[in-house]
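The following exercises concern a predicted model. Each task is followed by a solution in steps.

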Amino acid sequence: RRPLLAFVRREAVALVVAGVVAAGLAAPLAWRYLDAAAEVGLRAYDVERLPRIASWLLLGPGNLLYGWIDHLPRFASWSRPMHHNGVGFVTLLLAAVGLFAARRRPAVLLLVAATLTVLVATLRLPNDASLWAVTRLVVPGGTAIRAVARVGALLLFPVAAGLALFFESRRGRRPVWLLAVLAVVVFAEQINVSHGYDKRFAEWKIERIAAAIDPRCEAFFAVATGVASDHELQDDAMWAALASGVPTVNGRSGAVPPGWQLERAWVASERDRARLEASLDAWLARHGVARERVCRIEIDRRGETAAWASLQRGEDEQR
């Protein structure tokens, strides 16, 4: 602390000026966050979103070596999608050995202490006990964190340092082949097969919505027809709003404003259409927006995948 205090005294003016400037630059964003928090509220304390010991070990169902673990009944009921913070069992062991061997280094001690602090402060204990119930009230912004379990991603930093320290400490030692095998195992433990999407298909869907917006519309609300459910429409509509410059009532987030009951934006029957129309009227009235200013657009989502595939085949034939 002595060098730190000496530095603060020496650079006090610069630190104060820099702090004031930084606060001024961040203020507009901070006010927006505070306004949103005032409207939708902060996160409720939810033990299901806290990490468990196993959360720091699981690597997800797409992991090449350990994905099968996530399918076990013991884990499958709660692990997906936010409890995959593991880095591999051999990887974690080697990193621990490397950090332990370098335990006399102040930087290593600080890194390990910070990681353990995060683990202890957020861990879900038996009988659903956790220090997070108190920590979230003390840490600035703690009550705004939704998926607390993802804090386990911070494990990557000490593990990376520990691995580097492990292999560095054994540089030049024999047998070299053993170190090579360990390196290959560490690499293999990181291999994951994840889902992807066709960006061009997404852009094509967005263009369909944007093309359906009447230029006279001041805003729009898009709904899907021909399907029993469509959770992607909200995202597509928001992208279409950016592409067209026309604002939308559609949206999707971890929290919604009070009175916004437009999550199920699809029409499978006349009852759905009436429900959405009533919800849209109530939302606009709540905010003093005239109904005629907002156009409701119905997008037929039936056969979109087949239509896109046919379009792609036509382009391939032309090439």
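**Exercise 1.** Locate Arg124 in the fold, state whether Arg124 is buried or exposed, and identify its contacts.

*Solution.* Step 1: Arg124 is placed in the loop between helix 6 and helix 7, the latter spanning 132-138.

Step 1: the relative accessibility of Arg124 is 14%. Buried means under 20%, so Arg124 counts as buried.

Step 2: with residues up to four places away in sequence not counted, Arg124 touches Val47, Glu48, Leu50, Pro51, Arg52, Ala129 and Ser130.

Step 3: a polar atom of the Arg124 side chain lies 3.4 Å from the backbone oxygen of Val47. Arg49 is 75 residues apart from Arg124 along the chain, and the C-alpha atoms of the two are separated by 9.0 Å.

**Exercise 2.** Describe the largest pocket by volume, lining and residue class.

*Solution.* Step 1: the space in the largest pocket is about 530 Å³.

Step 1: its lining consists of 17 residues, and those nearest the centre are Arg32, Tyr33, Ala36, Ala37 and Val40. Helix 2, residues 12-40, gives the most to this lining, namely eight residues.

Step 2: by class, the lining of the largest pocket holds eleven nonpolar, three polar and three charged residues.

**Exercise 3.** Carry out the analysis for the second largest pocket, and determine which helix supplies the largest share of its lining.

*Solution.* Step 1: about 390 Å³ of space lies in the second largest pocket. Its lining has 18 residues, with Leu92, Leu99, Thr115, Leu116 and Leu155 the closest to the centre.

Step 1: helix 5 (89-101), helix 6 (106-122) and helix 8 (156-169) each contribute at least two lining residues. The largest share, six residues, comes from helix 6.

Step 2: the lining of the second largest pocket divides into 16 nonpolar residues, one polar and one charged.

**Exercise 4.** How many cavities of 30 Å³ or more are counted, and what lines the largest cavity?

*Solution.* Step 1: the count comes to one cavity of 30 Å³ or more. The volume of the largest cavity is about 30 Å³.

Step 1: the residues lining the largest cavity are Trp56, Leu57, Leu59, Gly86, Val87, Gly88, Phe89 and Leu92.

Step 2: six of the lining residues are nonpolar, two are polar and none is charged. Gly is classed as polar.

**Exercise 5.** Identify the members of the largest nonpolar core that touch the most other members, and the elements that supply this core.

*Solution.* Step 1: the largest nonpolar core has 28 residues, of which Ile209, Phe220, Phe221, Val249 and Leu262 touch the most other members.

Step 1: at least two residues of this core come from each of helix 10 (199-211), strand 1 (219-225), helix 11 (233-244), strand 2 (266-267), helix 12 (270-286) and strand 3 (294-300). Strand 1 provides the largest share, six residues.

Step 2: leaving aside neighbours within four places in sequence, Ile209 is in contact with Phe220, Ala222, Leu233, Asp236, Ala237, Ala240, Ile299 and Arg301. A second, separate core of eleven residues includes Val87, Leu155, Leu182 and Val186.

Key:
Residues numbered from 1 in each chain as written. Predicted model: local features only at pLDDT ≥ 70, side-chain atom pairs only at ≥ 80, totals over all residues. Heavy atoms only, no water. 1 Å grid on protein atoms, 1.4 Å probe; cavity = no way out; pocket = protein on both sides within 12 Å on 5 of 7 lines; lining within 4 Å. Points joined across faces, edges and corners; volume = space filled by probe spheres on them. Helix = DSSP H or I, 4+ residues; strand = E, 2+ residues; numbered from the N terminus. Buried < 20%, exposed > 50% of the residue type's maximum accessible area, 1.4 Å probe, protein only. Contact = heavy atoms within 4.5 Å. Polar contact = N/O pair within 3.5 Å; in protein donor to acceptor, adjacent residues only side chain to side chain. Core = buried A, V, L, I, M, F, W, Y, C linked by side-chain atoms within 4.5 Å.
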